[in-house]
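Please examine the structure shown below, with attention to its aromatic side chains and to the packing of its helices.

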Amino acid sequence: MFSGIDEVDWASMQHAYGPADDVPALLAGLASADPGQRERALDGMYGAVHHQGDVYACTLACIPFLFELVADPSVAERGSIVELLTSIGGIELDEDDEDELDEDEIEGAANYAMAAAAVCAGAEVFVQLLDDHDRGVRLAAPLALATLHTEPERCLALLRKRLPVEQDEEVRLALVEAAGRLALRHDTVADAAAHWLSRLAMQEYAPGLRLAALAQLARCAPGALPVDIVPRVSALLRDLRAVHPPSGPAARAAAEAAAREGAQSPTLIGQLRALHAAETAGRGAPWAADLLRTLHGALGDRVEDRVALLADQLCSPDEGQRLDAVRMSDGLIRAWRGSYDEVVRLVGEQLAEPEPRLRDAAAYLLADVHTLAAPAADALAAQVAVTPESWVRLWDHGQPSLDPAVRALANIGDPRALPVLAAVLEGPVVPHNLGHAVAGLGPVASPLAGALRRRLAAVPPAPSGQDGAVPLMDALASLRADEATPEVLRVLRAAREPSAWHVRLSALRTLGAFGPGARGAVGELEALLRRSDPRGAVDVADALYSVSGDVDAVLPVLLDGLAAADGLDLRAAAKALGRLGDRAAVAGPRLRALLAHDDLWVRVDAALALCEVSGRSAETWPVLLAAWTQNAYVRVRVADTLARTGTAAAGSGAARTLRAELSSVRRHNARDGGYAGLDIQEDERLLTLCRQALRHGDGRG
C-alpha cells in the first residue's frame with residue numbers, strides 16, 4: 001500500500017498548521033487496526049490537511065492514497081474516507097464565485113478545481129462500493145457517486161437497481177438522497193429522478209423511505225409534490241413512531257451516559273461522534289430529523305404548510321420529535337415572516353416537560369422571537385415561577401446571563417417578570433443582559449429604578465469592577481431614570497483608562513437618554529468635552545446636546561468630526577449632527593460631500609443625517625436606495641429616519657421600496673449558516689417602521 005508515497009516531497013508543502021511532512025503518518029493512521037489511531041488520523045486530515053474545507057497542495061497529493069485505502073476491503077471504517085474524498089472533490093464554484101475571487105483566492109480556486117478533477121477521475125470506484133460488505137461504505141458511497149461521477153444517467157440507473165436489494169434502511173435512505181442530488185446537479189436526469197421519487201413517495205414502501213422521497217422531491221421538483229403534503233407527512237410520522245418506537249427513559253438515560261463518556265475523546269471527530277450519539281440516544285428513528293429538516297428547507301416560503309407541519313410535530317407523543325420541531329420552528333421563524341401564534345403556543349407547552357434539552361430549546365426560542373412570544377406568556381410565567389434557582393445562569397467561561405425564560409417573559413412586557421428582575425437585582429451577580437430585559441419590559445419596569453441606582457452605586461470604581469456597571473446603566477437608560485445622574489457620573493469619572501472606553505461610552509449614552517433631566521451633568525460634560533481628544537469628543541458632544549440642547553457648544557466639535565479619517569468616527573459625527581435636525585443645516589455641504597465616500601455605512605449615515613438637517617430626501621434617496629439593495633442591514637436605519645421625518649412621500653421611490661419590503665415573505669436579515677440573537681426583533685421592527693413611514697409619507701411627520 002501507498003506505493004510512491006516516499007517520493008512525494010511532503011516537507012515542501014503546507015497545510016493549515018505548517019509543513020505537511022506529517023501527512024504520510026496520517027494516511028498510515030487511517031489504515032491502522034487501532035480505532036483510536038484511526039480517529040486521530042481522520043481528525044488530523046479534517047483539522048489540517050482539509051481544514052474547514054480548504055484544499056492545499058498536500059490535499060491534492062493525498063487523493064491517490066485515499067483511493068487506495070477506499071479500495072482495500074481490509075481497511076476498517078472506509079466509509080469515513082469516502083466522505084472525506086467526497087468533501088475534497090465536491091466543492092463547486094459557480095460563475096459568481098469565480099468573478100469575486102481576488103488574487104489571494106485564485107490559487108485556492110485552482111486547487112478546488114484540480115481536486116474535483118482528480119476525485120472525479122477516480123469516481124468509478126464508488127460504483128463498486130454500492131454493494132460493499134461494510135455498511136458504513138454503502139452508506140457513504142451513494143452520495144459520493146451522485147456528487148463526483150460524470151455519468152449521471154448511469155448513476156441514477158445504478159441507484160434504482162440497488163434500492164430493491166439493499167436491506168439496510170438508512171442505506172436505502174442514502175440511495176434516495178443521492179437521486180435528489182443527481183437531479184439538482186444534472187438537468188439531463190432531473191425529470192427521470194423526479195418521476196422515480198414520486199413513485200417511491202406514493203407506493204407502499206416503508207414510511208421512512210416515503211418520507212425521504214418526499215423530502216428529495218421537495219428539493220428537486222417541488223411542483224410534483226402532492227397537494228396534501230402536510231397530512232401525508234403527518235401520517236408518515238405516525239407510522240414511523242409505530243415502526244420505530246422510542247426507548248423508555250431508563251434505556252435512553254443509559255445510552256446518553258455512554259455517549260457522554262465518549263465525549264472525553266481528545267479529538268474533535270470523537271467529540272462530535274459522541275455528541276451525535278447523545279443526541280440520538282433512545283430515538284426510534286433518529287434519521288427522521290434530517291429528513292424533516294430537508295423537507296422544511298425545500299418548502300422554503302410555503303410558510304403556512306410548514307407551520308401546519310410543525311404544529312403536528314409539536315403535538316407528537318415522541319419528545320424527540322418535539323425537540324426537533326422546536327429547533328425547526330426556530331429556523332422557520334428566523335428566516336420567514338408569517339403568523340406563528342399556534343406554533344409559539346405549542347412551543348410554550350414544552351416548557352413544562354421534564355426533558356431538559358426540550359425545555360431549554362423551547363425557552364431559548366421564545367427568548368429569540370421577542371414580542372412574537374406573547375401566545376406563550378402563561379407558560380413562560382409558570383416556568384419562571386417554579387425555577388427561581390435558575391433565574392441567573394453562571395458559566396465556566398463568559399459573563400452571567402438571565403435565564404432565557406425570564407428574558408422571554410420580559411421581552412413581551414409581561415409584568416410577571418418584574419418581581420423576578422427585582423429579585424435578581426438583590427442577588428450576588430448582575431447578568432450581562434439585564435439592560436435588554438428591562439428595556440423589553442418597558443414602563444412596567446419603572447419600580448426597578450431605585451434598586452438599579454443602589455446597585456450602580458455599589459459598583460467598585462476600580463477598572464476590574466466597571467464592566468458590571470454597563471448592564472445597570474443600559475437598564476437605567478431604557479427607563480429614562482434621570483434621578484440616577486449622580487451614580488452615572490461617578491462611573492464616568494472612574495472610566496478614564498483606554499480599556500474602559502465601552503464603559504465610558506455607555507455612561508455617555510445613558511446621560512444622553514436621560515435628556516434634560518440630567519442637567520446636573522452639564523458642567524462635567526462641558527469640562528470633559530474640553531479635554532477630550534477628537535475621537536472621544538463626538539460622543540461627549542452628543543450627550544451634552546441631549547442634556548443641554550446647546551447647539552453652539554457642540555456644533556463645532558461635530559463639524560470637525562466630519563473631517564476624521566476613520567469611518568467609525570465619521571459615522572458617529574454624522575449621526576450626532578442628524579439628531580440636531582435643522583439646527584445643523586450648516587453641515588449640509590460637508591454631509592453632501594460624504595455621499596460619495598468609499599465606505600457604504602459612511603454614505604448611509606451621511607445621507608440620513610442630511611435628510612434630518614435638510615428635511616428633504618430627494619437628494620439622498622438614490623444613495624439610500626443603492627445601500628438598501630446592497631446591504632440589507634441598513635434598512636432599519638433608513639426606515640427609522642423615513643418614519644420620523646415623514647419624507648417617504650406617496651408615489652416616491654422610497655414609498656415603493658417600503659411597500660416592496662412589506663410584501664416580502666423573507667426576513668430582510670435572514671442568512672444561511674448563521675444568525676444573531678436580535679435578527680427577529682430587528683426584522684419585526686423594520687416592518688413596523690415601514691408601516692409608520694408610509695402612514696407619515698404625506699410630509700407631516
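The model is predicted. A search of the whole structure finds 3 aromatic pairs. A pair of aromatic rings is described by the distance of the centres and the angle of the planes. For phenylalanine 2 and phenylalanine 65, the ring centres are 5.9 Å apart and the planes stand at 85°, so this pair is edge-to-face; the cut-off for that class is an angle over 60 degrees. The two residues belong to distant parts of the chain, 63 residues apart: phenylalanine 2 lies in the segment before β1 (14-15), and phenylalanine 65 lies in helix α3 (residues 57-71). Phenylalanine 2 has a relative accessible area of 11% and is buried, and phenylalanine 65, with 6%, is buried as well. Ring pairs also bring in Trp10, which forms a cluster with Phe2 and Phe65.

Helix α3 contributes to a further pair, between phenylalanine 67 and phenylalanine 126. Here the centre-to-centre distance is 5.9 Å and the angle between the planes is 40°, and the pair is tilted. This pair, too, links distant parts of the chain, since phenylalanine 67 is in helix α3 and phenylalanine 126 is in helix α7 (residues 124-129), 59 residues apart. Phenylalanine 67 is buried, its relative accessible area being 13%. Phenylalanine 126 has a relative accessibility of 0% and therefore counts as buried, the cut-off being under 20%.

An aromatic ring also takes part in an arrangement with a charged residue. Arginine 666 is placed over the face of tryptophan 336, at 4.8 Å from the ring centre.

Attention now turns to a loop. Asparagine 433 occupies the loop between α23 (418-425) and α24 (434-441). With a relative accessible area of 8%, asparagine 433 is buried. When neighbours within four places in sequence are left aside, asparagine 433 is in contact with Ser401, Leu402 and Arg407.

How do the axes of helix α17 (residues 303-314) and helix α19 (residues 341-349) cross? They come within 9 Å of each other and cross at roughly 20°. Angles under 35 degrees count as roughly parallel, and α17 and α19 are therefore roughly parallel to each other. The crossing of α17 past α19 is left-handed.

Technical notes
Residues are numbered from 1 along each chain as its sequence is written. This is a predicted model: local features need pLDDT of at least 70, side-chain atom pairs count only at pLDDT 80 or more; totals for chains, interfaces and linings use all residues. Side-chain values use heavy atoms; hydrogens and water are left out. Rings of Phe, Tyr and Trp (its six-membered ring) pair if their centres lie within 6.5 Å; planes under 30 degrees apart count as stacked, over 60 as edge-to-face and the rest as tilted. Helices (H or I, at least four residues) and strands (E, at least two) are DSSP runs, numbered from the N terminus. Buried means under 20% relative accessible area, exposed over 50%, partly exposed in between (1.4 Å probe, protein chains only). A charge sits over a ring if NZ of Lys or CZ of Arg is within 6 Å of the ring centre and within 35 degrees of the ring normal. Contact means heavy atoms within 4.5 Å. Axes are lines fitted to C-alpha atoms, for helices over the stretch in contact, and angles run from 0 to 180 degrees between N-to-C directions. Angles under 35 degrees count as roughly parallel, over 145 as roughly antiparallel, 65 to 115 as roughly perpendicular and the rest as oblique. A crossing is left-handed if the near helix is turned anticlockwise from the far one by less than a right angle, and right-handed if clockwise.
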